[in-house]
Amino acid sequence: MDHTDYMREALLEAEKACTLGEVPIGAVVVLAREIISRGHNLRETLNDATAHAEIIAMRKAAQKIGSWRLSGATLYCTVEPCAMCAGAIVQFRVKTLVYGAADPKAGAVDSVIDVVRHPRFNHGVEVISGIMEEECSDIIKRFFQELRREKYERG
């Protein structure tokens, strides 16, 4: 499997979030070329502001391997992580972050700030961006267009 294959799996997670009425963001954690965990947004479902796809996927991965250190792991997520998730990526010691679409309003990797490569932190993360960018962006756009349409119809 390559970056595109893993991102397709993250997009499947984003679709799961969408069916729940959650912002459609998905993530998978890969270690030794195997997907060891998956996650999708569950903030509304769980009433938990920290229930982002990336956090859920990393927590599950840590439980699976029995360590909070995800050294050597790659996190694939459909959208550029926010500040909270970027900080968690550093704390979990993820080796590589691969994301699809940029988040110009809240992205904390390339768009607004760069948390994962900050020189003062004791861990830096390799970043690969733009994998399946159009598909990752489209699912978010469709979700919010539908939300606006429903709101307009309700008056």
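A: Helix H1 and its partners

Met7, Leu11, Ala14, Glu15 and Cys18 of H1 are in contact (heavy atoms within 4.5 Å) with Glu135, Cys136, Ile139, Arg142 and Phe143 of H5. Helices (H or I, at least four residues) and strands (E, at least two) are DSSP runs, numbered from the N terminus. By class, this contact has seven nonpolar, no polar and three charged residues; Ala, Val, Leu, Ile, Met, Phe, Trp, Tyr, Cys and Pro count as nonpolar, Asp, Glu, Lys and Arg as charged, and the others, Gly among them, as polar.

The model is predicted: local features need pLDDT of at least 70, side-chain atom pairs count only at pLDDT 80 or more, and totals for chains, interfaces and linings use all residues. Residues are numbered from 1 along each chain as its sequence is written, and side-chain values use heavy atoms, with hydrogens and water left out.

Glu9 pairs with Arg38, their closest N and O atoms being 2.9 Å apart. This pair links distant parts of the chain, since Arg38 is in strand E2 (residues 34-40) and Glu9 in helix H1, 29 residues apart. Within H1, Lys16 forms a salt bridge with Glu13 (2.8 Å, N to O); the two are three residues apart, so about one helical turn separates them. Glu13 is buried at 3% relative accessible area, while Lys16 is partly exposed at 41% (buried means under 20%, exposed over 50%, partly exposed in between; 1.4 Å probe, protein chains only).

Definitions and conventions: Salt bridge = Lys/Arg side-chain N within 4 Å of Asp/Glu carboxyl O.
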